[in-house]
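Please prepare a briefing on the structure shown below, covering its helix packing, its nonpolar core and selected loop residues.

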Amino acid sequence: MSDNHNHSNSPIPDDAQSKDLDAKALTTTMLAILDQNNQGDYTSPAKLYPHQWLWDSAFTAIGLRHIDPERAAREIASLVRGQWSNGMIPNMIFNPSNQYRLDRDFWSSWLSPFAPDHLATSGITQPPMLADAVVKVGEKLPKSHRTEFYRFMFEPLVQYHQWLYLERDPHNEGLTLQIHPWEVGLDNTPPWVHQLYDHSRPWWIALIEKLGLQGFINFIRRDRSVPPGQRISSLEALMLWDVVKRLRRKNYNIERIMHRTLFATQDISFNSIMVRNNTQLQTIANIIRKKLPSELLTQMKHSEQALDKLYDDISQQYYSRDFITHKLIKEPSIGTFLPLYAGTISKERASKLVKLLKDHKKYWLHHPVPSVPLDSSFFDADRYWQGPSWVNTNWLIIDGLERYNYTELADELRQKTIQLVNNQGAWEYFDPLNGRGLGAESFSWTAALTIDLLNQ
Ligand code: GLC
């Protein structure tokens, strides 16, 4: 798929020099990163990413709660600032400083009547990790503040989950659809790249590809501080940009967007995360003795079984599905393991997934879990969501393994993940073959989730 193979500045690790773990010192280093990225109300993911992101803040708060639960609660609560009046919580709330005006203007969220007046956001969402983070942060708050926090978050969460079904499950299938890979957070994961090439390649991008001009696009990219071999390809970046332009042209109105598009996917990662967070929303309701709307309860129940529609019996794994054709997009990716985190699949299914996870030729590499299996034609150890191991997906898988009682395997993955960060630092992602840190340095969710893993 790709062009050049540049290398990050982090040294190629030598396993023989694996550093001894000093949990206290590692926590201090991780915390320093979260302080460095502290923007007041929220923590930005890294220097490269100044805005507030939905699932980044959820992961950050999950780690921060062990050290500073009040700051973790603020991190979560500040996401509500960006909630749209139709219930959507956007994937990005823009940093207000003038330097970032370009991003705000590009999205122009003010085109939608639902967008908040007082601040600029994107027009799409991200995996709904919020309810899980709320439950976990609340558990660490002093009792006096805990109920108040749960009460404050409850209504926005209900509205958000209702929006997910109302706008994104128009045929009552129990599965929600996503309209941009950024909604899934795994930007260039193979199933979405597959969809982009099939349904979202306008003539002018095809022409750039044909004439081999994609190299020029590198000059205008914002992520040039990271070697191009570790990011998405320039053509894919252009296609993603073009999708946003189309959403903006339709004022982020879902009916208008869906009116003339074939580009919509029922994504396995997003839907798995949604199912688990539905359960956590119910947990919050129980704690504060509130009832969830009965229609939402029915929809939530339906989703638990609906994940089955994304399972392929022949290859014994989960895939994302094209919303229009209902065909599974059979490009293997890390998404197949996230139903473990959902927690509602059968034990038999879980055991099939665990068998796949332990396969040394696919996923259980020296530094698991790669974002695509080693034998995929997409596999590239350096490139973003097409090979590298990420701490957030490891965290989700560890959680899922625990839930299905694979305690030893969960522990092994936990230790391997911590060791990766201990050796290299809090990089955005890691080479699954040699453990080298890649992408952005001092990355918040890597730091925060390492703290959480150390405390489990
Ligand atoms: C990248 C990741 C996405 C994350 C964002 C901010 O785009 O793919 O998941 O939310 O960076 O860290």
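Predicted model: local features only at pLDDT ≥ 70, side-chain atom pairs only at ≥ 80, totals over all residues.

Residues are numbered from 1 along each chain as its sequence is written, and side-chain values use heavy atoms, with hydrogens and water left out.

**Helix packing**

- Two packed helices are described by the angle between their axes and the distance between the axes. Axes are lines fitted to C-alpha atoms, for helices over the stretch in contact, and angles run from 0 to 180 degrees between N-to-C directions.
- Helices (H or I, at least four residues) and strands (E, at least two) are DSSP runs, numbered from the N terminus.
- Helix H3 (residues 69–80) packs against helix H5 (residues 130–140) at an angle of about 155°, the axes being 9 Å apart. H3 and H5 are therefore roughly antiparallel to each other; the term applies to angles over 145 degrees, whereas those under 35 count as roughly parallel, 65 to 115 as roughly perpendicular and the rest as oblique.
- H3 passes H5 in a left-handed crossing, meaning that the near helix is turned anticlockwise from the far one by less than a right angle (right-handed if clockwise).
- In this contact (heavy atoms within 4.5 Å), H3 supplies Pro 69, Ala 72, Ala 73, Ile 76 and Leu 79, and H5 supplies Leu 130, Ala 133, Val 134, Val 137 and Lys 140. Nine of these residues are nonpolar, none is polar and one is charged. Ala, Val, Leu, Ile, Met, Phe, Trp, Tyr, Cys and Pro count as nonpolar, Asp, Glu, Lys and Arg as charged, and the others, Gly among them, as polar.
- The axes of helix H16 (residues 391–403) and helix H18 (residues 444–454) come within 9 Å and cross at roughly 30°, so H16 and H18 are roughly parallel. Their crossing is left-handed.
- Val 391, Asn 392, Trp 395 and Ile 398 of H16 meet Trp 445, Thr 446, Leu 449, Asp 452 and Leu 453 of H18. The H16 contact with H18 has six nonpolar, two polar and one charged residues.

**Nonpolar core**

- The largest nonpolar core has 134 residues. Such a core is a set of buried Ala, Val, Leu, Ile, Met, Phe, Trp, Tyr and Cys residues joined through side-chain atoms within 4.5 Å; buried means under 20% relative accessible area, exposed over 50%, and partly exposed in between (1.4 Å probe, protein chains only).
- The residues with the most contacts inside this core are Ile 76, Met 129, Phe 149, Phe 337, Leu 357, Trp 395 and Ile 397. Helix H6 (residues 143–168) gives the most to the core, with 10 residues.
- Not counting residues up to four places away in sequence, Phe 337 touches Leu 353, Leu 356, Leu 357, Tyr 363, Val 369 and Ile 397.

**Loop residues**

- Ile 334 is in the loop between strand S7 (328–329) and helix H14 (338–342), and is buried, with a relative accessible area of 1%.
- Ile 334 and Ile 397 are 63 residues apart in sequence and 9.4 Å apart in space, C-alpha to C-alpha.
- Val 369, in the loop between helix H15 (347–357) and H16, is joined to Pro 368 by a cis peptide bond with omega of about 5°.
- Tyr 384 lies in the loop between H15 and H16. Its phi is near 50°, a positive value in a residue other than glycine, and at 7% relative accessibility Tyr 384 counts as buried.
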